[in-house]
Each structure stands twice: as C-alpha cells, then as structure tokens.
Amino acid sequence: MKSRKAMYESGLMIGHFEPLHLGQMRSILAAAGQVKILHIVIMAHPAPHPDFTITLQDKARWLQMACADLPFIQIHTTHEVELPLHDSFVDVAIDIPASNAKLQLLTVALDLPAETVLFVAENHPLAQSDVYKQLSMPVITTPLQPDFDSYAIARNPVAHWSTIHPQARGDYTKTVAIVGGESSGKTTLVHKLANYYGASFALEMGRLYVGTDLGGSEVGLQYNDYGPIALQHAQAIRNAVANATAPVTIVDTDFVTTQAFCEEYEGRSHPFVAACIDEFRLDHTIMLDNNTPWVADGMRSLGTPEARGRFERRLVDIFARHEIKPHMVDQPDYDARYQQALRLIDQYIYGQ
C-alpha cells in the first residue's frame, strides 16, 4: 500500500451509497483532501431495501447536491461494474483478476490518469497487504467510521434516520395524507402528528389559496382555480419531503380531496387534478370518518348530515377510481382518532 503524501493527482472511490450517510461523507472528505480530483463511482445495490425504490440517478443527485460546492469531486454512475455486498469484512476472499478487470474498466471509461489511487476504508479487504500489492491501482486508506455501519443503515434506514445524509432523507421518508370531509379534525391531527414524530408537513393549499388569491372568501372560487391549488399543493409536498425531519412526512389533505371539492362545487372532475393524484402518489392515506361535530368557521359549507355523507361517499369513489386504499379512522373522539393514527403510522412506517 502506498504511503500517504500531501497530494495525489487523481483518486477513485467506489460504493453503493444506498443510502448516502454521514460516515460515507466523512470518508469522501478525507479522501478529497489528498487528491486534486476525486472520482466517485456509484454502483447499483445488489440487495436493495424492498420499502424504498432508489435509482442510480437518485444516488447521483444526493452526491451531486452534497458536493455541489466541492468542484474537485466528480460523480459517476455505472451499471456495468458490480460491487459485492458484505455485512462483515471477516474472512472475505478477494478475486484479484476480477478486481483488476473492474479497475481497468473504470480507468478506461473515466479516462483516469496513470497516477490515480484507490481509496478504501482501513479495514477493507483490499487494504490487506497480500491483496493491495497485486492490484493494478495503488491503495490509500481512509480512517474508519466506527459510528456508522453501512450494512445496518442500508438494512434499516428508519432505525438509523439520524445517520442518513440530509440530501438523501427525502427518498427515505414516507408521506402520510390526512383526509376527510369538512370539520373532521384533519388540520389539528396533522399538527399533533407532526409534533409527535418531529416531522415536516405540508399544509392544505385550498384554504391558503382562498386567502392569497380569492380575498379570504370562496365566493370567487371557480373551476380554473383547482389546477393552481393542486400545483401549489404538489410543491408544498415536494418541499416538505425534501426537508424531511423524520421517516414520516405529514400531508394535510390530498389531491383526491381537491378533486372531490371540484366535483362537489363544479359538477365535473378536473383532468389536471386527476393527473396529480396518479403522478404525485402519496405513500399512505388516513381517512377520517365524518362523525365528529361540525363547526362553522366561515369557510365551510357542507355541514348538514346529507352533505357530509355525500362528500364522504365522493371521496371513497375517487379513491376507488384511482386504486387508492386509505386506512380508515372511525373513532368519533378526537383523542381516540389521534391514538388510532399513531398506531397506523407506527405499524406501516416504523414497523412497530
């Protein structure tokens, strides 16, 4: 193994980065401090987590964003070279010819200079003296990160949420929409859940839109407003997910609810809102039964039992139309609803 010196011309790091975590980032920074250019090659994970769909492009975006102000770090992806998965480096056998073939393939594909060095962790099998002496590329080690177990983090990202790099957390949070008719306690429940889990959340856009674009009254609401409402809601959800602070992100109402109001007031569905329902798919939906007291707040108009029942049936119909199966919360007591929602989130997201 080559001894460390002040600066190498070019360096190479290879990994799955699924998810990108703080330990990996620290290793990247340790390597970047020793080279003029550091090439990071991202490979597909051989055993991806079944609850999260992560692409090479997702992982490239995480690293590109994390290293956006570090121009000496260059990010690459490949489907052609595979990297084995080890839960432990104990008794791992290295195929020297296969390893050299992979390094040669990457050297040619990336047009790496002859002075390129390969960075691996101190305990990596490639850092063993009987191995690195036979490799076609000099090996330099980065310090161990004992507080970060890449195998354990990949196996259970929710349990290791705090170790995931902020740029990757948006792909490891699950959205939960709280839906229901008027005066069903949606917004209060959203804030209670967000506080319980320390989660980010997206507010209902319809109500905000009435305040910002319609002067605080629904008198001027018309068919053409439902598209902008859905678009603003999509952006609010995107922002909440991108800045996720927990494995769950709470969403106040959803696009189905927007469509239900459009059909209720305008007598027809909105194609853009329908597209949003399918394109911006939320992970889970908790639907509150309309069996709580109706409270007039100046913006609600569906207060009779007939109107509340009709709107709930409309929601159920639209969910079925788009093949969405909400989790029903039917307790009339507000605290019981809260406890029921907690149990659902704990079960489906936290695996408890």
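What follows is a chat about the strands, helices and salt bridges of a predicted model.

Trainee: What are the ground rules here?
Mentor: This is a predicted model: local features need pLDDT of at least 70, side-chain atom pairs count only at pLDDT 80 or more, and totals for chains, interfaces and linings use all residues. Residues are numbered from 1 along each chain as its sequence is written, and side-chain values use heavy atoms, with hydrogens and water left out.

Trainee: What is the strand order in the open sheet of five strands?
Mentor: β7-β8-β6-β9-β10, with parallel pairing. Strands are DSSP runs of E, at least two residues; helices are runs of H or I, at least four; both are numbered from the N terminus. Two strands pair if DSSP finds at least two bridges between them.

Trainee: Which strands stand at the edges?
Mentor: β7 (201-202) and β10 (327-329). Each has a single partner strand, so one side of each lacks a neighbour in the sheet.

Trainee: How many bridges pair β9 with β10?
Mentor: Three, in the parallel sense. I286 has H327 in β10 as its bridge partner.

Trainee: Switching topic. How many residues of β2 are buried?
Mentor: Seven of nine, in residues 35-43. Buried means under 20% relative accessible area, exposed over 50%, partly exposed in between (1.4 Å probe, protein chains only).

Trainee: How many bridges join β1 to β2?
Mentor: Seven, and the two strands run parallel. The chain crosses from β1 through helix α1 (residues 22-32) to β2, and this β-α-β crossover is right-handed. That term applies if, with the strands pointing away from the viewer, the path from the first strand over the helix to the second runs clockwise.

Trainee: And β2 to β3, how many bridges?
Mentor: Six, again run parallel. The crossover from β2 to β3 passes through helix α2 (residues 56-66) and is right-handed.

Trainee: How many salt bridges does a search of the whole structure find?
Mentor: Ten. The criterion is a side-chain nitrogen of Lys or Arg within 4 Å of a carboxyl oxygen of Asp or Glu.

Trainee: What does R61 form a salt bridge with?
Mentor: D58, with the closest N and O atoms 3.2 Å apart, and D171, at 2.8 Å. D171 lies in the loop between α5 (150-155) and β6 and R61 in helix α2, so that pair ties together parts 110 residues apart in sequence.

Trainee: D58, buried or exposed?
Mentor: Buried, at 13% relative accessibility. R61 is partly exposed at 39%.

Trainee: Which residues are linked in a network of salt bridges?
Mentor: E263, E264, R310, R314, D317 and R321. E263 and R321 have their closest N and O atoms 2.8 Å apart.
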